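Good morning. I will take one model today and go through its elements, its core, its charged pairs and a few backbone details. Please have the viewer open.

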Amino acid sequence: MNTFIKTFIVTFIICAVYFIYAFIGKESYSPTLKPNNTSINKTVETKQKPINEPEVTICLINADNKPVLVKRKAEINTLQNALTELMKGSKREERLQGAYTEIPQGTKLLSLKDDGDKIALNLSKEFEGGGGAQSIQARLLQLVKTVNAYAENKPVYLYIEGKKIEYLGGEGIYVEQPLNEETLKF
């Protein structure tokens with residue numbers, strides 16, 4: 001019994017010391033901060049995510065060759081920013097979800113003119129390169145659906161390097177202007 005009492009006392013002392021250290025000692029110390037008249041010359045900048053980040057809407061094509069509207073972050077929600085984002089192509093995350101673009105890499109928006117009742121898009125020559133009839137029809141539909149997300153029911157006219165097009169691509173596919181969703185469905 002003598003050994004039991006010694007073990008109990010030693011264990012009790014160890015637990016008491018640990019309790020004092022853990023709950024009353026250094027680990028639980030939290031000083032009370034009081035304001036003082038010390039000025040801080042260094043400004044600390046913190047980046048906070050805005051609650052409503054601007055987004056643009058663009059049109060991509062899904063695995064079933066159907067158009068799908070996608071939201072992307074942008075500085076300002078404008079048609080020009082949406083078209084610029086569209087010309088960048090599909091992002092990795094979008095491709096993993098089965099959305100891609102038929103717009104050839106390197107295509108640039110050279111100008112955009114909205115005169116109130118119609119919209120004229122001037123694209124670089126890369127837009128007409130590569131792909132067959134279905135690819136060209138899909139890229140035209142991507143343009144029209146992206147524009148319609150901002151300017152619904154306005155006729156869209158397409159120019160390549162400043163020239164209004166009648167035929168597009170290596171196969172010489174006829175393009176009816178103004179472009180509209182009904183004539184571009186496939």
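Predicted model: local features only at pLDDT ≥ 70, side-chain atom pairs only at ≥ 80, totals over all residues.

The protein chain has five helices and eight strands. Starting from the N terminus, their order is α-β-β-α-α-β-β-α-β-β-β-β-α. The chain has 186 residues, and 30% of them are buried. Its accessible surface is about 13,300 Å², with 54% of that belonging to carbon and sulfur atoms. Taking contacts with a separation of 6 or more, 55% are between residues 24 or more positions apart.

Helix α1 covers residues 2–24, and Ile5 is in it. Ile5 belongs to a nonpolar surface patch of about 660 Å², together with Phe4, Phe8, Ile9, Phe12 and Ile13. How accessible is Ile5? Its relative accessibility is 42%, so Ile5 counts as partly exposed. As background, an α-helix has 3.6 residues a turn, so residues three or four places apart point the same way.

In soluble globular proteins, nonpolar side chains tend to be buried together. In this model the largest nonpolar core holds 33 residues, and Leu121, Phe127, Leu140, Leu143 and Leu158 have the most contacts inside it. Two or more residues come from each of β1 (55–61), α2 (79–87), β4 (119–123), α4 and β5 (156–160). Which element gives the most? That is α4, with six residues.

Helix α4 is worth a moment. It runs over residues 133–148, 16 residues in total, and spans 22 Å from first C-alpha to last, close to the 22 Å expected at 1.5 Å a residue. The helix is mostly covered, with 12 of its 16 residues buried. Those buried residues include Leu140, Leu143 and Val147, but also Arg139, Gln142 and Asn148.

On to charges. Searching the whole structure gives four salt bridges. Arg72, Glu85, Lys88 and Glu94 are linked in a network of them. For Glu85 the relative accessible area is 10%, under the 20% cut-off.

Glu85 also has a salt bridge with Lys88, at 2.8 Å between the closest N and O atoms. Lys88 has 57% relative accessibility and therefore counts as exposed.

Then there is Asp114 with Lys154, whose side chains meet in a salt bridge at 2.9 Å, N to O. Asp114 is in strand β3 (residues 109–114) and Lys154 in the loop between α4 and β5, so the pair ties together parts that are 40 residues apart in sequence. Asp114 is partly exposed, at 42% relative accessibility.

Last, the backbone. Where is the cis peptide bond? It joins Gln177 and Pro178, with omega about 0 degrees. Pro178 is in the loop between β8 (173–174) and α5 (181–184).

Two non-glycine residues with positive phi are also on my list. Asn65 has phi near 60 degrees. It is in the loop between β1 and β2, and counts as partly exposed at 28% relative accessibility. Glu161 has phi of about 50 degrees. Its place is the loop between β5 and β6 (163–164), and with a relative accessible area of 43%, Glu161 is partly exposed.

That is the end of my list; questions are welcome.

How values were computed:
Residues numbered from 1 in each chain as written. Heavy atoms only, no water. Helix = DSSP H or I, 4+ residues; strand = E, 2+ residues; numbered from the N terminus. Expected span 1.5 Å × (residues − 1). Buried < 20%, exposed > 50% of the residue type's maximum accessible area, 1.4 Å probe, protein only. Contact = heavy atoms within 4.5 Å. Areas by Shrake-Rupley, 256 points an atom, 1.4 Å probe, with all protein chains shown as cover. Patch = residues over 30% accessible without salt bridge, like charges linked within 9 Å, V, L, I, M, F, W, Y side chains within 5 Å. Core = buried A, V, L, I, M, F, W, Y, C linked by side-chain atoms within 4.5 Å.
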